[in-house]
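Visitor: I would like to learn how to read a protein model. Please take the features one at a time.

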Amino acid sequence: MELFYYMVFGFLGAVVATVELSKGNKDRINTPQAFNSFKNNYLLVYSLMMAGDWLQGPYVYYLYSQYGYGKGEIGQLFIAGFGSSMLFGTIVGSLADKQGRKRACVTYCITYILSCITKHSPQYKVLMLGRVLGGIATSLLFSAFESWLVAEHFKRGFDQQWLSLTFSKAIFLGNGLIAILAGLFGNLLVDSMNLGPVAPFDAAACFLAIGMAIILSSWTENYGDPSENKDLLTQFKGAAVAIASDEKIALLGAIQSLFEGSMYTFVFLWTPALSPNEEEIPHGFIFATFMLASMLGSSIASRLMSQSSTKVESYMQIVFVVSAASLLLPIVTTLFVAPSKVKGGSISFSGCIQLLGFCTFESCVGIFWPSIMKMRSQYIPEEARSTIMNFFRIPLNIFVCIVLYNVNAFPITVMFGMCSIFLFVASILQRRLLVIADKSKSEDWTAMKEKDTEAEPLNVA
């Protein structure tokens, strides 16, 4: 492994350590023991859930190829996963609001465990069933847990600002540290212990089972809409009306879809971008480097959100612009750096530049997750939180399915350019959200002032 990879990884590790250790009292929020216990319980569960997810990711494609399936069939399996998330995601989200978020989290564990079990079969239909189950589980992972947390947080009377602590720590651990450890553990199981490509899926099922036991023993149930008379169609209509009638919610959904769509496209594109001539690159180590960059982003987000004077809506505009610029690097290097014509070998000079840009993008991803979580907690109504959050994922999944289906139809530079445009549009929409949010607060303050003025004569009397 080349020195360059170690240097990038070491630099990011040093910066993460510096940011974390340099946090002063002004960057920390003093919280009571009751909240700390609640937060730590959620972080433990969330980390186990993410461990179950991250252990599978690096080995899904590899497992299918080991079973003898080609690129086209594997692509169909991946499309089935995103398609099921799109088709069934809103349904399971609505059921979570109505039947209970704790039940939905347990359902996630059961569904994903069953998906892991299907990986033992080389039969295409069984693997397809596993992808469908995995798609449903993914919808629950990105909606039910956050919905349970937000509802439980306010039900217990905790301060709204403390939510940012849980969000940033969850991303720091679940999307950073746990991802790195899961990658190393999976590598240990498959390569060092020679247990085969199914071993990470068995390990994932074990982590999910442990997390489910903690949920069943320590979590209380909470619901969205308490009405017993609303069926799923009524819930869908209510969520659609909420999105259509409130521009802030619609903007938030568009921003989320644009960013996550670009992010998932990046997941498919970074390997061919760094090895256009079949260069030998350490995929696992680069993945760990990306996750370390994501940890840096979540550390920065934690510091930003701990300051009451800093608005999430304001700094996210800059984050989207930086992320758009970072994904332009493959186009820039293609135009200004002479391409290598040598097959194989180590990473090229343009690949090194792109890797630095991709680490910058992953840092933006680390800032994005806790920040979007905080904005969702502010703008999405509690009674239909899971339903609306899964509505947001419909255009995302459509977009990813289209990209997967046409991944070979366009040059890689065109795909990165498209992602960069989407991210720039997200920054414009974020600016609009900031303006509307400030206007709403100003109108609320004016209304309160007028109400106080009208009440003054009564106080004088």
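**Reading helices, burial, contacts and cysteines**

Guide: S262 is found in helix α11 (residues 247-274). This is a predicted model, in which local features need pLDDT of at least 70, side-chain atom pairs count only at pLDDT 80 or more, and totals for chains, interfaces and linings use all residues. Residues are numbered from 1 along each chain as its sequence is written, and side-chain values use heavy atoms, with hydrogens and water left out.

Visitor: Is S262 buried or exposed?

Guide: Buried means under 20% relative accessible area, exposed over 50%, and partly exposed in between (1.4 Å probe, protein chains only). S262 has a relative accessible area of 0%, so S262 is buried.

Visitor: What does the side chain of S262 reach?

Guide: A polar contact is a pair of N or O atoms within 3.5 Å; within protein, one must be able to donate a hydrogen and the other to accept it, and residues adjacent in sequence count only if both atoms are side-chain atoms. Here the side chain of S262 reaches the backbone oxygen of L258 at 2.9 Å. Contact in general means heavy atoms within 4.5 Å. Leaving aside neighbours within four places in sequence, S262 is in contact with F399, C419, F422 and L423.

Visitor: Why does the span of helix α16 agree with its number of residues?

Guide: Helices (H or I, at least four residues) are DSSP runs, numbered from the N terminus. The expected span is 1.5 Å times one less than the number of residues. Helix α16 (residues 385-405) has 21 residues, so it should span 30 Å, and its end C-alpha atoms are 31 Å apart, which agrees. Of these 21 residues, 15 are buried, so α16 is mostly covered.

Visitor: Which residues does R385 contact?

Guide: R385 lies in helix α16 and counts as buried at 3% relative accessibility. Leaving aside neighbours within four places in sequence, its contacts include D97, R101 and S147. The C-alpha atoms of R385 and A151 are separated by 9.4 Å, although the two residues are 234 residues apart along the chain.

Visitor: Where is R101 found?

Guide: R101 is found in helix α5 (residues 101-118). At 0% relative accessibility, R101 counts as buried. Not counting residues up to four places away in sequence, R101 touches, among others, W148, E221, Y223 and R385.

Visitor: How many disulfides does the structure hold?

Guide: A disulfide is a pair of cysteine sulfur atoms within 2.5 Å. The structure holds zero disulfides. For C105, the nearest cysteine sulfur, that of C109, is 7.4 Å away. For C206, the nearest is that of C116, 9.3 Å away.

Note on methods
Helix = DSSP H or I, 4+ residues; strand = E, 2+ residues; numbered from the N terminus.
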